[in-house]
Amino acid sequence: MKDFVTEGTRALESLYPTEEARSIILMLCERLAGTKSYTHVVEPGYELSPEVSESVQAALLRLQAGEPIQYVLGVAEFCGHEFVVGPDVLIPRPETEQLAMEAAELARRGSPARVLDLCTGSGCIAWTVALASPEAEVIGVDISDGALQVASSQPLPASPVFLKADVLEVDQPFEHGQFDLILSNPPYIKDCEKTLMRTNVLDFEPATALFVPDVDPLVFYRAIALWSLKYMLPSGVGLTEINETLGPETAQIFMDAGFGNVEVVKDIFGKDRFVRYSH
């Protein structure tokens, strides 16, 4: 195992910084070999079985091709839970945990809360809220059949409901009442920002869940504002993740829609990352 960690780290250094490459290799070993991050240190002679060695070598080839470790393993950690992920859904990001945790806290205060998660993807936000507040009624919406399949099949003890709908079609029938919380992490990366992104994101994660045209980067937020006007209760709250470069512009959309309390919220890295809004 010590040799594999060294060789695997070296093999990924063209794609990742050394420490990140080593962390990925250790994560791979932990998942496929059942080892710990320190096994190769405290047991330098620890040997991988032929079967495990074959598995980790095959996985390493996928990693060298740029495939994210979460897709290779089929799972991603988010808010203390393990979510199934695959090429049909985005890999949950740490900054999105902030939105999910605040939403879960708001849902816990409800009696019980009704929650709508637009552009739900893997369902990680909807599931996090449902797990934190079992009495809440949580509905997740997405246009992708693949994403809905992933969201519906998460092996977790809660009962969110996932429905197919195009968030951009604000006039479509959606007869599911009104909601205390409306949440969303929509596509918001401008096409021109692709050059700033790693190839493992560009080549493997679903583009339709990431990118919006440069000529209209806020198209989803206008739709979310209209959904919120139609389906948010007067006492409700909306939370949406945003492009860090478009905080004031995104907030203005919700103000123009008639919401009286609109706030841009920074993420754990100090960047404009969310808009919170209410009547």
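Start by selecting Gln-98, Leu-99, Glu-102, Leu-239, Val-265, Phe-274 and Arg-276: these residues line the largest cavity. Here a cavity is a set of points on a 1 Å grid over the protein atoms alone where a 1.4 Å probe fits but cannot get out, and lining residues have an atom within 4 Å of a point. About 50 Å³ of space lies inside, counted as the space filled by probe spheres set on the points, which are joined across faces, edges and corners. The structure holds one cavity of 30 Å³ or more. Colour α6 (94-108) and β11, the elements that give two or more residues to this lining; α6 gives the most, with three. Helices (H or I, at least four residues) and strands (E, at least two) are DSSP runs, numbered from the N terminus.

A word on ground rules: this is a predicted model, where local features need pLDDT of at least 70, side-chain atom pairs count only at pLDDT 80 or more, and totals for chains, interfaces and linings use all residues. Residues are numbered from 1 along each chain as its sequence is written, and side-chain values use heavy atoms, with hydrogens and water left out.

Next, pick Leu-116 and Trp-227. Of the 35 residues in the largest nonpolar core, these two touch the most other members. (Such a core is a set of buried Ala, Val, Leu, Ile, Met, Phe, Trp, Tyr and Cys residues joined through side-chain atoms within 4.5 Å; buried means under 20% relative accessible area, exposed over 50%, with a 1.4 Å probe and protein chains only.) Elements supplying at least two residues each include β3 (114-118), α10 (219-231) and β11 (272-278), and α10 gives the most, with seven.

Now zoom in on Trp-227. Leaving out residues up to four places away in sequence, its contacts (heavy atoms within 4.5 Å) include Leu-116, Leu-118, Phe-174, Ile-182 and Met-232.

Last stop: helix α4, residues 50-64. Which of its residues are buried? Show Val-52, Val-56, Ala-59, Leu-60 and Leu-63. Look down the axis of α4 and the buried residues fall within an arc of 110° (taken from the directions from the axis to the C-beta atoms), so they line one face of the helix. Among what covers them are α1 (2-12), α2 (18-33) and α5 (69-73). Just after α4, Gly-66 takes a positive phi of about 100°.

Notes:
Expected span 1.5 Å × (residues − 1). 1 Å grid on protein atoms, 1.4 Å probe; cavity = no way out; pocket = protein on both sides within 12 Å on 5 of 7 lines; lining within 4 Å.
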